[in-house]
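Colleague: I am just starting out with protein structures, and I would like to learn how to read one. Could we go through this one together?

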Amino acid sequence: MLNIKNIETYYDLICAVRGVSLRVEAKSITAILGNNGAGKSTLLKTIMGLIEDQPDKGTIEFCGEAIDRKDTEEIVRRGISFVPEGREVFEELTVRENLLAGAFIRKNRNRIDGDINTVYTYFPILGKRRNQWAGTLSGGEQQMLAIGRALMSRPKLMLLDEPSLGLSPVLVKEIFSIIKTIHADGVTIILVEQNAKMALSLADTGYIMENGRFVLAGTSAELMDDENVQEFYLGVRSDTSSKGYQRWKRKKVWR
Amino acid sequence: MIDFIQTIVSGIAAGSSYALMGLAMVLIYKTSEVPNFAQGELALAASFFAYMIMESFGLSFFLALPCALSFAFLLGCFLEFLVLRRAKTPNILSMIVITIGLEMILLGLVSWKFGADQKTMPFPISPYDSMAIGNIFISTLELVTVFVVLAIMAALYLLLRFSKMGLAMKATQQNTMAARLMGIRANRVLNLTWGLSSVVGAIAGLLIAPTLMHPYMMWDPLLKGFAAAVMGGMTSLPGAVSGAFLLGIIENIFGTYISIEFKAVVAFAIIVIILCIKPSGLFARHYVKKV
C-alpha cells in the first residue's frame, strides 16, 4: 500500500532522515519506535508533505502512485490521514465543528453525520462535549478528538504520531484499544511511539529508528524477543552481576 | 432631548462607514491574523474604477456597481497571490509592513491616474437628500449605508457560522497546518478571503464616494474602522459593527457637547482606554491557551 524508497529529509543542512525504506502492506499495523530525535516524526511529516521541498531524495508511493513532494492537501485527498503530535485540534471550534472540518474533503452530508455518530460511539465523552470548544477539553479528550477528526476523512491509511504523549496509563490503554477497533474496521495504521511495549503489543511489524535510520526491523514478536530491544526500549534488564548491580553499560550491537 | 437623539442618530450614520471597513479588516484578520492596512486603498481603487467606467464609458451606476465589485474581488485575490504569498517565512510584522507598502503603491497609482482634486461620483441617491423620522433627520444615503452594513454583517455571519467555506476559514486561522491536514487548501481560502474582504471594503468606498471623493478619502474610515475592529476584539463581526457604531456615537456626542476640534482625536483616546481596561476587546470571545 505504502512504499517508501530511500528517502532523505533535510532541515536546512541537518539531515534528519537518512535513507529510510519502508513497505507497509494493506490492513497492517506498523510501529516505528525510537528515542527522541531519532527522526520518527520527521518521517511521518515527510510522508504527509508537511516539510517543504522534502524528501530531498527517494520516492514515496501510495497505492501505486507517487506522492512525494506533493501538496499536503493533495495527499490527504488520496486517503492518508495524520494525527499530529500534540493533538493540534482547532481550539476555537466546537467538537462537532472539528469533526466536520475533518470531513472537509467529503460531500455526502448524511454519511458525514453517520460518521460523526460513529466517532461519538468510539469516544462517548466527545458526544457529551459536542458543543464545547475543543480548547476547553482535557489533553486526553483532545487526543481522542484528534483521532476522531482524522477518521472523518475515511482514510485508507492513518498515521499516528505519539498518540500516548502526556496521557495517563488508563487513557493510553483506552486510546490503544480504539486504535485496534479502527484497524479492525479496515484502516491500515502506522504508529510512531515512545511507549514501545504498548506499540509492539498492537503492531504486526516494528521498526527501530536511530539517528535517522532504521536499525532493526521485524515482526513484533521478534522485536519483543530481541535482547537489545528488551534492554533499551522495553526496560527489561536481562543480566545483573552477582553483587546485585550492574557495573558496566551494555552497548547496542547494531551500532 | 431631540438634539441628543439627533446626535446619536448622526453618530450611528457616521459609524456605518467605519463599520464596513472594520468588517473588511476583521475578515482578513480572522483568517491570517494580519491587520490589512491596504484595505482602504483597495476600496479607493475600486471606487475610482467605478468612477472611471461611468465617466469614460457612460455606464449606468447599476451596471458599474457589479463591475466595480468584481474588480475589487479580483484585485484582492491578485494582490494576495502576487505579493503576500511570495513572502518567504512570513511573520505577522513583515506581513503588516507589506500591506502598508501595498497601500502606498495603490494610493500613488490612484493619485497619478486621477489627480488629487475632488471628484463627484454619479450616484442614484443624492447625498443632500434627507428624511425626517419625527423630528430626527437622517440623510437618505446614510440610512442606506446603515442598512447595507447590517445586511453585510448578517450575510458574513451566516457564511462563517454555517457554510463549509466559513468553517475552512476559521480552521485555517486557528491552525493552518491542521487545516491543511484536513484537506483544506489553505492558500485558496486565504486568497478568497482577500477577495471577499476587498469587496466589503469596496462597498464602503462606493457609499463614501458620493460625499467625498479624492485619493485620501479612505484614510479616516480605515483608521476609524480599524479602531472599531480593535474595540470589538478584532475577530468578532458583530463586535466590529457595534464598536463602529459606538465610536461614531461617542465621537458625535463629544463633538456636539464638548469640543468640535478634538472630535477626531477622541476615537483614539477611547481605543487606548479600552485596550488598557480590556485588552482582548469589548466583544471578543477569544480562547486563551493554557500552558
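Below, we talk through a predicted model, one question at a time.

Colleague: In what order do the six strands of the open sheet in chain A stand?

Modeller: Strands S6 (80–83) and S10 (213–219) of chain A each have a single partner strand, so they stand at the edges. The pairing in this sheet is mixed. Read across, the order is S6-S7-S8-S3-S9-S10.

Colleague: Which strands of chain A does S1 pair with in the antiparallel sense?

Modeller: Strand S1 (residues 2–11) of chain A is joined by eight bridges to strand S2 (residues 14–24), and A:Leu2 has A:Val24 as its bridge partner there.

Colleague: Which residue in the turn between S1(A) and S2(A) has a positive phi?

Modeller: These two strands form a hairpin with two residues between them. The phi in question is about 50 degrees, and the residue that has it is A:Asp12.

Colleague: And in the hairpin of S1(B) and S2(B), which residue takes a positive phi?

Modeller: Strand S1 (residues 130–133) and strand S2 (residues 136–139) of chain B run antiparallel, joined by four bridges. One of the paired positions is B:Met131 with B:Ile138. Two residues lie between the strands, and the one with a positive phi, near 65 degrees, is B:Gly134.

Colleague: How far apart are the closest N and O atoms of A:Arg129 and A:Glu141?

Modeller: Side chains of opposite charge can pair when their charged atoms come close. A:Arg129 lies in the loop between helix H5 (124–128) and H6 of chain A, while A:Glu141 is in helix H6, twelve residues apart. The two form a salt bridge, with their closest N and O atoms 3.1 Å apart.

Colleague: How many salt bridges are there between chain B and chain A?

Modeller: The structure holds 15 salt bridges over all chains. Between chain B and chain A, B:Arg161 and A:Glu97 meet in one of them, at 3.7 Å from N to O. The count between the two chains is four.

Colleague: What area do chain B and chain A bury between them?

Modeller: The size of an interface is often given as the accessible area lost when the parts come together. Here 23 residues of chain B are in contact with 29 residues of chain A. Carbon and sulfur atoms carry 58% of the buried area, which is about 2500 Å².

Colleague: Which helix gives the largest share of the side of chain B that touches chain A?

Modeller: Helix H6 (164–174) and helix H7 (176–181) of chain B each supply at least two residues of that side. The largest share is six residues, and it comes from H6(B).

Terms used
Residues numbered from 1 in each chain as written. Chains lettered and ligands numbered in written order. Predicted model: local features only at pLDDT ≥ 70, side-chain atom pairs only at ≥ 80, totals over all residues. Heavy atoms only, no water. Pairing = 2+ DSSP bridges. Contact = heavy atoms within 4.5 Å. Buried area = accessible area lost by both parts, 1.4 Å probe. Salt bridge = Lys/Arg side-chain N within 4 Å of Asp/Glu carboxyl O.
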